[in-house]
Amino acid sequence: MLNKINYLETGTERYPLVFTLNVMEAIQEKYGTIEAWSSLIQREGEPDIKALKFFTTEAINEGIEIENEKNNEKRKPITGKQVGRILTEVGISGTANKIMSTISDSVETDTTPKNEETTKSPAKK
């Protein structure tokens, strides 16, 4: 997984949106599996608004936490009600597209292993 931050933008604010193991864990705790949650937001007709708001709240708050740590900031987490207003402004389809893009960007694999042990054969004399 890559630690990629995308942004959900309203007319006046930019909200960091990330899909990390922490967000995945929160989804699994609430919906059982990522697949169960995904089927709710991708269903025909209209997405499950509660599932969409839940993910967006978790993903934005994780992004805020990451940015606070990186930049030594103190931006406060947002509430589900605030996310509802953000979704109203951005639009459900715009938000859903940004969510799918964020997930897709995050699950790409980095071809450069960082913590993988390599075994080298001993040099021949």
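## A hairpin, an aromatic cluster and a buried threonine

A hairpin joins strand E1 to strand E2 through four residues. Helices (H or I, at least four residues) and strands (E, at least two) are DSSP runs, numbered from the N terminus. This is a predicted model, in which local features need pLDDT of at least 70 and side-chain atom pairs count only at pLDDT 80 or more, while totals for chains, interfaces and linings use all residues. Residues are numbered from 1 along each chain as its sequence is written, and side-chain values use heavy atoms, with hydrogens and water left out.

E1 and E2 pair in the antiparallel sense over four bridges; two strands pair if DSSP finds at least two bridges between them. Glu9 has Arg14 in E2 as its bridge partner. Strand E1 (residues 6-9) shows a covered face, Asn6 and Leu8, and an uncovered one, Tyr7 and Glu9. The charged end of Arg14 sits over the ring of Tyr7, 3.8 Å from its centre (the criterion is NZ of Lys or CZ of Arg within 6 Å of the ring centre and within 35 degrees of the ring normal).

Next come the aromatic rings. Searching the whole structure gives three aromatic pairs. One of them, Phe19 with Phe55, is tilted, at 6.1 Å centre to centre and 40° between the planes. Here rings of Phe, Tyr and Trp (its six-membered ring) pair if their centres lie within 6.5 Å, and planes under 30 degrees apart count as stacked, over 60 as edge-to-face and the rest as tilted. This pair links distant parts of the chain, 36 residues apart: Phe19 is in the loop between strand E2 (14-17) and helix H1 (21-31), and Phe55 is in helix H3 (residues 49-71). Ring pairs bring Phe19, Trp37 and Phe55 into a cluster.

| Residue | Relative accessibility | Class |
|---|---|---|
| Phe19 | 4% | buried |
| Phe55 | 0% | buried |
| Thr56 | 1% | buried |
| Asn72 | 67% | exposed |

Thr56 belongs to helix H3. Its side chain reaches the backbone oxygen of Leu52 at 2.7 Å. Not counting residues up to four places away in sequence, Thr56 touches Leu8, Leu17, Val83, Leu87, Thr95 and Ile99, where contact means heavy atoms within 4.5 Å.

Finally, Asn72 lies in the loop between H3 and helix H4 (80-90). Its phi is near 50°, a positive value in a residue other than glycine.

Terms used: Buried means under 20% relative accessible area, exposed over 50%, partly exposed in between (1.4 Å probe, protein chains only). A polar contact is a pair of N or O atoms within 3.5 Å; within protein, one must be able to donate a hydrogen and the other to accept it, and residues adjacent in sequence count only if both atoms are side-chain atoms.
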